[in-house]
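Good morning, colleagues. May I ask you to turn to the structure on the screen, which I shall discuss region by region.

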Amino acid sequence: MDLPITGYAKQLSVAPGETVEFAVSTVASGFDARLVKLHRDPALFEPVGSDVDGRYPGMVQPIRMGSHAMLARPSVDWPTDLVLSLHLCPTIVRSERQGVLTSGPDHGLFVEAGRIVARGGSAELRSDVALQPNHWYRIVLSVGRPTRLEVTPLDDRETGGSVETAADFEAIRAEGFRLSGWWDGEATVNCLDGKIARPAIRSGTLGPVAQWDMSWHVETARIVDVVGGGGELRLVQHPRRAVTGPAWDGTAHDPRQQPSHYDATAFHSDDLTDAGWATTLSWKVPATFASGVYALEISTADGSDHLPFLVAPGSGRAKPRCAFLAPTFSYLAYGNERHWWHMPDVEARTGKPVEQSVTPAELWAAGHGMLSPYDRHRDGTGCTHASWLHPIVNFRAGYRHPYIGGPHQLSADLMILDWLEGIGEPVDVVTDHDLHVRGAEALQGYAVVMTGSHPEYVSAAVLDALDAFNRRGGGLMYLGGNGFYGAVSTYPNEPHVMELRRGHSGGSHWKSPAGEAHHASTGELGGKWKLRDRSAHRLFGVGTASVTFNRGSPYLRTAASRDPACAWVFDGVEGDAIDTESCVLGQPAGFEYDRMERGLGTPADSICLAVARFDPPVTEYLLDDWRWTGSLGENRADLVLIPGHGRRGDVFSVGSVAWTGCLLTDGGNNKVATITRNVLRRFAGRGGGGG
């Protein structure tokens with residue numbers, strides 16, 4: 001299925017004076033474009049009136065997936081009496097032919113229907129050894145008279161074998177060389193699902209030609225040739241590095257401890273971190289342009305789309321008191337997610353079959369095999385990478401998540417920005433990526449920082465920046481739930497690629513394979529921040545408790561909330577129940593929610609202002625924090641205030657993803673909006689934040 005039109009912005013965030021490029025694909029001969037400021041509903045988009053507005057020629061740009069390696073620079077051709085060797089661990093047995101080490105569709109080593117096949121022009125050798133998924137094999141192809149193919153299992157319970165041919169066998173060439181897949185003249189196709197380790201080429205007469213060591217520089221896209229005759233390889237579409245190789249025996253779980261145990265690369269036929277689309281048009285952001293969330297709206301006679309991007313605060317201008325921290329890492333983590341499509345109760349929750357509850361754009365992305373870090377590759381392993389250099393079809397204003405029946409991620413956070421505009425509160429938009437690169441400097445001059453509704457994934461640099469901001473007197477408003485929960489990182493030379501490894505105690509989506517919990521990009525341990533003693537409780541007072549997809553719950557005020565020191569939070573709110581209707585599961589506490597937990601770091605002076613309780617039967621799971629704290633926590637959400645002390649600023653945490661879904665109820669005249677406004681105005685008036 002083709003979409004009438006779609007695309008992506010090649011820069012997720014830009015500052016005034018910088019240029020944002022847009023890649024567009026359409027089946028139409030031309031399309032119209034205009035720049036707009038985003039709001040929660042596409043009907044509310046504001047035309048900006050820019051010099052990028054106009055009519056442009058259309059073209060179809062394909063999605064080509066699959067990770068592979070190629071020579072970084074042209075190489076002199078290799079001798080013809082070559083011996084090719086490598087270790088291979090197929091991760092799934094598929095009927096179609098996949099390239100392993102090739103220089104075209106008819107030259108090199110392939111795997112087909114669970115057998116190794118060697119091709120040398122018109123000559124072919126087919127091994128009788130049946131490859132088992134997740135087992136290692138040493139493969140050697142010696143080109144000569146005769147040409148010999150040997151397949152040797154590393155598991156001594158399996159039997160290897162060899163085959164020979166006296167036919168003329170054409171050796172692989174440097175031109176078109178690939179690890180995983182083969183070059184068909186236009187693209188690399190039929191990429192491998194499996195691991196490759198220790199690939200090497202030598203000449204029978206001249207000796208070693210190339211020997212690539214995959215344990216070096218795993219934070220890069222480089223594979224070094226330690227011999228030097230073959231040349232360095234460049235990885236494309238980010239196969240997974242820092243993965244266990246044939247020598248791994250469980251004695252090391254960090255690649256830095258035993259690099260030789262991690263001399264492999266895991267390729268996938270559905271890896272995608274850069275669609276590689278040509279730039280269709282670009283726009284230089286004016287020096288005086290206001291910070292916010294914008295998009296290029298593109299349309300044809302048959303359909304339309306909008307391509308979001310964020311504009312960071314410009315330099316040399318007065319800053320408002322408030323900054324909104326856009327959770328761009330979480331936007332990427334959930335980008336094109338479809339793991340929930342296969343839940344057994346999905347039709348009961350959405351009221352219709354999946355293909356009718358999702359958008360045509362989501363069906364298009366799924367049809368092309370696009371994944372999020374919530375999904376699994378074709379071989380069953382978890383997808384560990386996300387990037388903005390391809391269409392992210394649920395990264396759109398107005399998007400409604402069918403399983404929760406409401407907005408999520410960007411579409412939910414636009415409600416916060418619309419609410420702020422409605423109450424006349426100026427705000428700059430800062431991103432996770434800004435904090436990741438610039439640290440607390442990106443928050444200099446603000447009095448208060450507000451989070452999005454579901455800032456689940458952050459890097460260590462983001463946590464450091466927020467902590468430093470708060471230590472300098474800045475106020476923090478955590479307006480969501482399940483936040484600051486999972487660790488992510490980016491690659492030093494490729495900041496558009498985010499890495500997410502769930503570790504061995506991840507959620508139900510997938511867990512990292514044994515020995516592969518450490519990030520390739522940074523070397524740090526992946527998974528939950530609480531396993532690294534950096535639970536959200538320490539900074540925000542609350543952390544993830546549980547999740548429900550049923551109707552949420554109201555909050556009820558506690559006796560502590562009557563203390564004059566914090567009663568101001570509820571000025572203008574009548575009654576004990578905070579029961580405003582939310583567009584996310586109906587009540588302020590819902591979807592994913594947080595609670596206090598002293599054993600996980602909730603500060604002693606944290607004040608629980610209100611509590612929402614849930615019955616265990618209505619939740620999907622109750623996180624077993626007793627493994628860390630010694631007791632099973634209650635199934636509840638907590639509204640928390642941590643008063644500032646010393647140079648520390650105040651912290652306010654709402655403990656629920658559904659909270660901000662109430663802000664615009666009844667035109668913003670409601671209890672949740674009143675409480676949030678009270679806190680914002682108090683925090684913004686304190687001064688000193690980050691300054």
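The second largest pocket holds about 500 Å³ of space. A pocket here is an open set of points on a 1 Å grid over the protein atoms alone, where a 1.4 Å probe fits and protein lies on both sides within 12 Å along at least five of seven lines; lining residues have an atom within 4 Å of a point. Grid points are joined across faces, edges and corners, and the volume is the space filled by probe spheres set on the points. This is a predicted model, in which local features need pLDDT of at least 70 and side-chain atom pairs count only at pLDDT 80 or more, while totals for chains, interfaces and linings use all residues. Residues are numbered from 1 along each chain as its sequence is written, and side-chain values use heavy atoms, with hydrogens and water left out.

Of the 28 residues that line this pocket, Thr359, Pro360, Ala361, Val393 and Arg396 lie nearest its centre. Two or more lining residues come from each of β1 (5-9), β27 (303-311), α3 (354-357), α4 (360-367) and β30 (400-401). The largest share, four residues, is that of β27. Helices (H or I, at least four residues) and strands (E, at least two) are DSSP runs, numbered from the N terminus.

I turn now to the sheet. It is open, with nine strands in the order β32-β28-β33-β35-β46-β45-β43-β40-β41 and mixed pairing. Its edge strands, β32 (427-431) and β41 (577-578), each pair on one side only; strands pair if DSSP finds at least two bridges between them. Strands β40 (residues 555-557) and β43 (residues 607-613) run antiparallel and are joined by two bridges. Arg557 has Ala610 in β43 as its bridge partner. Helix α5 (residues 410-422) packs on the sheet, touching β28 (322-326), β32 and β33 (448-451); contact means heavy atoms within 4.5 Å.

Which residues of α7 are buried? They are Val462, Leu463, Ala465, Leu466, Asp467, Phe469 and Asn470, where buried means under 20% relative accessible area, exposed over 50% and partly exposed in between (1.4 Å probe, protein chains only). After α7 comes Gly473, whose phi is positive, near 100°.

Finally, Arg321 is found in the loop between β27 and β28. With a relative accessible area of 36%, Arg321 is partly exposed. Arg321 and Val427 are 106 residues apart in sequence, yet 7.2 Å apart in space, C-alpha to C-alpha.

Definitions and conventions
Axes fitted to C-alpha atoms, helices over the stretch in contact; angles between N-to-C directions.
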